[in-house]
Every structure is written in structure tokens, then in C-alpha cells.
Amino acid sequence: MASEKSHTRITVQDVSIGYTSKKKEIIIAEKINFSSTKGELIALVGPNGIGKSTLIRTLTGIEKPISGSIKVSEVEIKSLSPAALASQISVVLTETPASKNLTVYELIALGRQPYTNWLGVLTQEDKTAVNNAIAITETTDLQHKKCFELSDGELQRVLIARALAQDTPIIILDEPTSHLDLYHRAYVLKLLKRLTKTEGKTILFSTHEIGIALTLVDKMLVLQKDTVSFDTPTALAKQGVFNTLFPSNTIDFDIETMQFRVNN
């Protein structure tokens, strides 16, 4: 089991994200501050191009922040080796697996790479973790299929199972419901919610499914052009954050029903 120093899982302080172009730093978003604890489900939302994917890649160590501090389990992420970071955070990105010719079981078993020897041989502990992940994500009937045989919804469940097999306290996902129909979008988000409650995982995911997320998540991180907000959905609604998320002549937010509605 991945070790934990406290119930604080992620701490982000005064972080700026972006990229370097011709030796010049381009800031996409700045003054990002939030923290998460054990068993929280957090949605990252905001308009297209606001920096959600860049923030995901920064939180997972794929990209470096321009400035600020990111800690996982109270340790600076920049001080962690790749192996140590892989024992703390598992990642589900939007990219499809490199080889869809793998079986579902083989793909899920890749989640054990941080713990296997250089030959990649699975121990009994590894096999137990894989089988538990398969059971929890209800992918037992899929485990012998090739990944190219799966629907988008099935593949997303398998990728979550791989992250679960990695046995980390934190799971971060980039748009886990993109390209899914309504049923599978709801199924995946309910699965993530269940993992926070039954497995104690801290899960952060970016999404455009704000309406569904509002009913399920514990906290929301809202990126907008000149501001970053973090709180419970109810608190954010009372602060008027959702009223400014989209142009008011197109979409309104009804605080009574906690729903967005399209203006005629």
C-alpha cells in the first residue's frame, strides 16, 4: 500500500502554469491555490483553452510549474524521483494506449510497473492488486478481450482499473468522460465517486460535464481568464462563480436547482 504522511494529499501554493517559447515564459494561468484531503472528489472545470490540461500535466509532474509549490503527501513534487512519484499519483490521460493489441488484463497489469522487477514479473501481491482493480471496476468480463475490441466506455473503465492497480493515494484524470455517451459519462463519474468513498482515493479530474459533476463532487477548481476559484459547489454557487463561467446571453446558472440552462 502506498504510504501516507497525513490525510493531506495535494497542496498547491501560488502556482503559475504555462510554457516557454523562444526563451520567453508564457503564463496560461497563475495564482492557483488549493489543497485536497483523503477521500475527496475534485472537478477541474473552465472554458476551452483556459489551461485545464496544462494544469493536469503540471500536477502529475509531466510539466514543470513556472512558479509556485506543488506537494503530494506533504513532499515537494520536484524532489520526488519518477518511481517515488509513481507510488503517489496514478494518471489517466486522454491519449489512447500505445498498443491496443494488449489484453485488458495486460493493460491493467501495467499499473504495477512501479513495483515490479526489471523483468516486469508480477508477484502474487501484484496479481492481487490487479484482480482487485478488475473487481472494483466491474471489468471481470472484459479481462481476456483485446483492447481494440472495447467500446470507449469500456476502455475508460479499464484505464481507471490500471490506475487503481497502481495503488496510489491520488488519481488524476484528464477528461475521463470525453467521447462517451450520457450513460457512460454518468457511470464513470459515479465510479470515481465510489473510489473516493470505498477506497479512500483522492481523485481530481478535468471535465466539461459540469452539470453532472455538480451533483457528485466534493470540491471544484474553477479556472477562468483572470481568476481561480476553489470550494464546494454550493459555496461557489453562492459566490456567483458559475454565473460568470459562460456568456449570460447564452447560458444561465440557476442557483435554486444548481443547474445550467440554455437561453432561448
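What percentage of the 264 residues of the protein count as buried? The share is 49%, where buried means under 20% relative accessible area, exposed means over 50%, and partly exposed lies in between (1.4 Å probe, protein chains only). The model is predicted: local features need pLDDT of at least 70, side-chain atom pairs count only at pLDDT 80 or more, and totals for chains, interfaces and linings use all residues. Residues are numbered from 1 along each chain as its sequence is written, and side-chain values use heavy atoms, with hydrogens and water left out.

**The whole chain**

Begin by displaying the entire protein as a cartoon. Eight helices and 12 strands are present; helices (H or I, at least four residues) and strands (E, at least two) are DSSP runs, numbered from the N terminus. The radius of gyration is 19 Å, close to the 18 Å that the globule rule gives for 264 residues, so the protein is as compact as a globular protein of that length. This radius is taken over C-alpha atoms, and the rule is 2.2 Å times the number of residues to the power 0.38. Along the principal axes, the C-alpha atoms fill a box of roughly 55 × 40 × 40 Å.

**The two domains**

Next, colour residues 2–88 and 170–262 as domain 1, and residues 97–167 as domain 2; these bounds come from an automatic or database domain assignment. The C-alpha centres of the two domains lie 25 Å apart. Where they meet, 17 residues of domain 1 are in contact with 14 residues of domain 2, contact meaning heavy atoms within 4.5 Å.

**Helix H1**

Now select residues 52–59, which form helix H1. Six of the eight residues of H1 are buried, so the helix is largely enclosed by the rest of the structure. The buried residues are Lys52, Thr54, Leu55, Ile56, Thr58 and Leu59. Just after H1, select glycine 61, which takes a positive phi of about 85°.

**Isoleucine 170**

Finally, select strand E7 (residues 170–174), in which isoleucine 170 is found. Is isoleucine 170 buried or exposed? Isoleucine 170 is buried, with a relative accessible area of 0%. Leaving aside neighbours within four places in sequence, display the residues in contact with isoleucine 170: Arg9, Ile10, Val72, Gln88, Ile89, Ser90 and Thr202. To finish, draw a line between the C-alpha atoms of isoleucine 170 and threonine 202: these residues are 32 residues apart in sequence and 4.9 Å apart in space.
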